[in-house]
Amino acid sequence: GTATTSDQDYTPTSGNLSFNGNAGETINFTVDVKGDRKIEANEVFSMLLDSLSENFNNRLTLVSPIVNATIGNDDLGDITISSLNGKETGAQKGQFIFSLPAGITVDKPIQINYVLSGTASAGLDYNNPASGSITIPANRNSAILDINVIDDTLLEETETVVLSVNNVISDYNVQMRSSIDTLSIEDNDISILSINGPLSIT
C-alpha cells in the first residue's frame with residue numbers, strides 16, 4: 001500500500017491466528033501505527049492471510065486473502081512569516097522566513113506566490129524581482145527568501161520591504177496564518193553640508 005515501513009508509518013508484524021472453529025467466530029489483532037508530524041494523505045497498508053493450517057480437503061478456503069486498512073492523517077498546520085532586517089553596510093541581506101509549526105513537515109512541496117512593495121524599490125534598494133514565488137520543499141519545515149540589499153551612495157531614511165502573499169499552492173489546502181510581513185533596510189550613508197564664504201550681499 002501507500003503506507004510503508006521505510007517511512008515509519010507502522011510496525012511490521014506477522015503471526016498466526018488460531019480459531020476454535022465456532023460459527024461466527026472473530027479474532028482481532030493490532031498493528032501499531034507510528035504517529036508522525038507530517039501533513040500527508042491518508043495511507044493504506046495491506047494484511048495478507050498466507051495459508052491455512054488445515055483446509056479440510058479444500059472445503060475451507062480464504063475468501064479474501066488480502067485485507068486493506070487505512071491510516072488517517074491527523075496533522076494540520078498553517079504557514080507563518082517572520083523577518084530579519086537588512087543593512088546597506090556589508091550589503092547585509094534581509095530575510096523573510098516561511099515556516100510551518102515547529103516539527104511539522106509536508107510530504108509534497110508548497111508553493112507560495114508573493115509581491116514586494118514598501119518604501120524601498122526593487123532594483124534600486126534591493127536586487128530582487130518585485131514579484132515571485134518560493135517553495136517549501138517536501139519533508140522540510142521552512143523556506144527562506146533572501147532580500148539582496150544594494151549598498152548605494154544615496155543618503156536616505158531607513159526603508160521598508162513589504163511582502164504580501166497572494167496565493168498558496170498546496171495539495172492539502174495549507175494556508176497562511178498571516179499574508180503580510182515587513183522588514184527594514186538600514187542606510188549607512190553619511191553626508192556633510194558645507195557653505196563656503198565669505199558671502200557679499202549688495
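Serine 82 has isoleucine 97, in S6, as its bridge partner. The model is a predicted one, in which local features need pLDDT of at least 70 and side-chain atom pairs count only at pLDDT 80 or more, while totals for chains, interfaces and linings use all residues. Residues are numbered from 1 along each chain as its sequence is written, and side-chain values use heavy atoms, with hydrogens and water left out.

Strand S6 (residues 94-99) and S4 pair in the antiparallel sense over 5 bridges, where strands are DSSP runs of E with at least two residues, numbered from the N terminus, and pairing requires at least two DSSP bridges between two strands. The open sheet consists of 3 strands in the order S4-S6-S10, with antiparallel pairing; its edge strands, S4 (80-84) and S10 (142-147), each pair on one side only.

A salt bridge (a side-chain nitrogen of Lys or Arg within 4 Å of a carboxyl oxygen of Asp or Glu) joins aspartate 146 to lysine 93, with the closest N and O atoms 3.7 Å apart. Because aspartate 146 lies in strand S10 and lysine 93 in the loop between strand S5 (86-87) and S6, the pair ties together parts that are 53 residues apart in sequence. Aspartate 146 is partly exposed at 26% relative accessibility, a class between buried (under 20% relative accessible area) and exposed (over 50%), computed with a 1.4 Å probe and protein chains only.

A further salt bridge, at 3.3 Å from N to O, connects the side chains of lysine 108 and aspartate 171. Lysine 108 is partly exposed at 37%, whereas aspartate 171 is exposed at 54%.

Definitions and conventions: Helices (H or I, at least four residues) and strands (E, at least two) are DSSP runs, numbered from the N terminus.
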